[in-house]
Amino acid sequence: MKVIIDSAERIAELAAQRYTQLLSRKPDAVLGFATGSTPLGLYAQLTKLVQRGELSFAQASSFNLDEYAGLDGEHDQSYRYFMNHNLFYHIDLPIERTRVPSGMTDSDESAAKYDEEIQAAGGIDLQLLGIGNNGHIGFNEPGTDFGSLTHIVQLTESTREANKRFFASIDDVPTHAVTMGIRTVMNAKSIILMAIGSAKAPIIKATLQGAVTPDVPASVLQLHPSVEIYLDNEAAALL
Ligand code: PGA
């Protein structure tokens, strides 16, 4: 794994360069996007590059990692809404080629159709990941089978607690989500994981330097042949 450590602003610029490189080589690349606070700096950079004419997503397509169960794309806390407002409406990626798992999916069987769609699109060239304080990637909470495809999960209380800042109260935070599985993520040709802030330092240490174990879902990335980890100085403090 390649580890890049710098300021939060600089890692966003460096990660954005990966998109410029990939899309100049392969304009119709398939991109895996993520939600959360962490990618916002990167999304601002991508927006800036597109608006300056230095980057184009016009031939690309995308698949997002996850979505809250029970929220449709109009809900202002849905991940579809987040992506539209923080990235898709500001870049030239045709909205009909952006995919987010449906929060209305009601069985693992229908959730796994997402993997078929990814395969039909040729597979993900570059998957972006944040990381939860408990090591989750997407919403694959500790204990998730490394062989999992897109499926419905019950969110842990720690994840609901971490995400309640966006809702009126903890009772409004969904209890379930639909997420790409660990195998879905590992099938991507290349992966970028980003982490910012001191709260992520212990889980970054466990992910990069600890055992590969479902107890720390992100540790599976040690087994992937093409991973870059972008950390700000605080997230890297315990390495
Ligand atoms: P964050 O979330 O970027 O808001 O810290 C990351 C995650 O939970 O995967």
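Analyst: Start with serine 190. Leaving out residues up to four places away in sequence, serine 190 touches Arg18, Asp125, Leu126, Gln127, His224 and Ser226. A word on the source: this is a predicted model, where local features need pLDDT of at least 70, side-chain atom pairs count only at pLDDT 80 or more, and totals for chains, interfaces and linings use all residues. Residues are numbered from 1 along each chain as its sequence is written, and side-chain values use heavy atoms, with hydrogens and water left out.

User: What makes those residues contacts of serine 190?

Analyst: Contact means heavy atoms within 4.5 Å. Arg18 and His224 are among the residues that serine 190 touches.

User: Why is serine 190 called buried?

Analyst: Its relative accessibility is 14%. Buried means under 20% relative accessible area, exposed over 50%, and partly exposed in between, with a 1.4 Å probe and protein chains only. So serine 190 counts as buried at 14%.

User: What makes the pairing of serine 190 and serine 226 a polar contact?

Analyst: Their side chains are joined at 2.9 Å. A polar contact is a pair of N or O atoms within 3.5 Å; within protein, one must be able to donate a hydrogen and the other to accept it, and residues adjacent in sequence count only if both atoms are side-chain atoms. The 2.9 Å pair therefore qualifies.

User: Why is lysine 205 called partly exposed?

Analyst: Lysine 205 has a relative accessible area of 37%, so it is partly exposed. It lies in helix H8, residues 201–209. Beyond its neighbours within four places in sequence, lysine 205 is in contact with Gly210, Leu238 and Leu239. The C-alpha atoms of lysine 205 and leucine 239 are 5.7 Å apart, though 34 residues separate them along the chain.

User: Which residues are around the ligand?

Analyst: They are Gly36, Ser37, Thr38, Gly130, Ile131, Gly132, His136, Arg165 and Lys200. A residue is near a molecule if one of its heavy atoms lies within 4 Å of it.

User: Which side-chain classes line the largest pocket?

Analyst: The lining has 15 nonpolar, 16 polar and 4 charged residues. Ala, Val, Leu, Ile, Met, Phe, Trp, Tyr, Cys and Pro count as nonpolar; Asp, Glu, Lys and Arg as charged; the others, Gly among them, as polar. Of the 35 lining residues, Thr35, Gly36, Ser37, Asn163 and Arg165 lie nearest the centre. Helix H6 gives the largest share of the lining, 4 residues.

Note on methods. On a 1 Å grid over the protein atoms alone, a cavity is a set of points where a 1.4 Å probe fits but cannot get out, and a pocket is an open set with protein on both sides within 12 Å along at least five of seven lines; lining residues have an atom within 4 Å of a point. Helices (H or I, at least four residues) and strands (E, at least two) are DSSP runs, numbered from the N terminus.
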